[in-house]
Amino acid sequence: MDKDVSAGSTTSTLGHLALGLTLLAFGLGHTQVIDGVTAADAVSLATYVGGVALFAAGLFAFRDKDAATGTAFTALGALWFTWGTAADAPVSANAAGLFLLLFALVALSLTLGAAGAGALTRGTYGLLFVALLLLALARFGDSAGLGKAGGWFAAAGGLLAWYGATAALANWPTALPGRPAGRGVTVAG
């Protein structure tokens, strides 16, 4: 593994740590892999860490003139705060599915817009997109299996975000090994 470490800013590190913890708790709750733990148990964490702290990190990123990170963190802070505060509200499965689908589109935009970001950031947003899409489809189709699959994608995205933040703090490598550009297989013609 390369020793290329992307330290990022303090704001980015804090935001990815908040996103990672929130996604991990949210995802594991949907998988129900831990006995007695559901997604509803992540409501407080989602509201305050994923919602308030992530939104604030986004505002600090905007102040630092980092529009991509600011957009990502404020949008995701809005997602978590809304989900956390509305978790007990009686809504139809289709309304919940629509909410998840709309934020899946936000996650898709973040994934596509993160082309210049590191692999961990792109991977986190991509896994979040797949998770929210599967969770939306699970709500629309009343499918517990799709909901659990979405939970696993969310948990994997949370682990990526957590690792990225921890790597920045601990000076761990974040670049994946690869071959140098222009050194491919030559086919004789």
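Helices in this account are DSSP runs of H or I with at least four residues, and strands are runs of E with at least two. The model is predicted.

Helix α1 has 22 residues, and its first and last C-alpha atoms are 31 Å apart, close to the 32 Å expected at 1.5 Å a residue. Gln32 follows α1 and has a positive phi, near 55°, although Gln32 is not a glycine. Gln32 sits in the loop between α1 and α2. Its relative accessibility is 47%, so Gln32 counts as partly exposed, the cut-offs being under 20% for buried and over 50% for exposed.

Helix α2 has 21 residues and reaches 28 Å from first C-alpha to last, close to the expected 30 Å at 1.5 Å a residue. Its buried residues are Val43, Ala46, Thr47, Gly50, Gly51, Leu54, Ala57, Gly58 and Ala61. What covers these buried residues of α2 includes α1 (10–31) and α3 (67–86). Just after α2, Lys65 takes a positive phi of about 65°.

Two packed helices are described by the angle between their axes and the distance between the axes. For α1 and α5 (residues 119–141), the axes come within 12 Å and cross at roughly 30°. Angles under 35 degrees count as roughly parallel, and α1 is therefore roughly parallel to α5. The crossing of α1 past α5 is left-handed. On the α1 side the contact involves His16, Leu19, Leu23, Phe26 and His30, which meet Thr121, Thr124, Tyr125, Leu128 and Leu135 of α5.

The packing of α1 with α6 (residues 144–170) has an angle of about 155°, with the axes 7 Å apart. Because angles over 145 degrees count as roughly antiparallel, α1 is roughly antiparallel to α6. This crossing of α1 and α6 is left-handed.

The segment after α6 contains Asn171 and Thr174. Asn171 is a residue other than glycine with a positive phi, near 60°. At 58% relative accessibility, Asn171 counts as exposed. Thr174, by contrast, has a relative accessibility of 17% and so counts as buried. The C-alpha atom of Thr174 is separated by 8.1 Å from that of Ala119, although the two residues are 55 apart along the chain.

Notes: Residues are numbered from 1 along each chain as its sequence is written. This is a predicted model: local features need pLDDT of at least 70, side-chain atom pairs count only at pLDDT 80 or more; totals for chains, interfaces and linings use all residues. Side-chain values use heavy atoms; hydrogens and water are left out. The expected span of a helix is 1.5 Å times one less than its number of residues. Buried means under 20% relative accessible area, exposed over 50%, partly exposed in between (1.4 Å probe, protein chains only). Contact means heavy atoms within 4.5 Å. Axes are lines fitted to C-alpha atoms, for helices over the stretch in contact, and angles run from 0 to 180 degrees between N-to-C directions. Angles under 35 degrees count as roughly parallel, over 145 as roughly antiparallel, 65 to 115 as roughly perpendicular and the rest as oblique. A crossing is left-handed if the near helix is turned anticlockwise from the far one by less than a right angle, and right-handed if clockwise.
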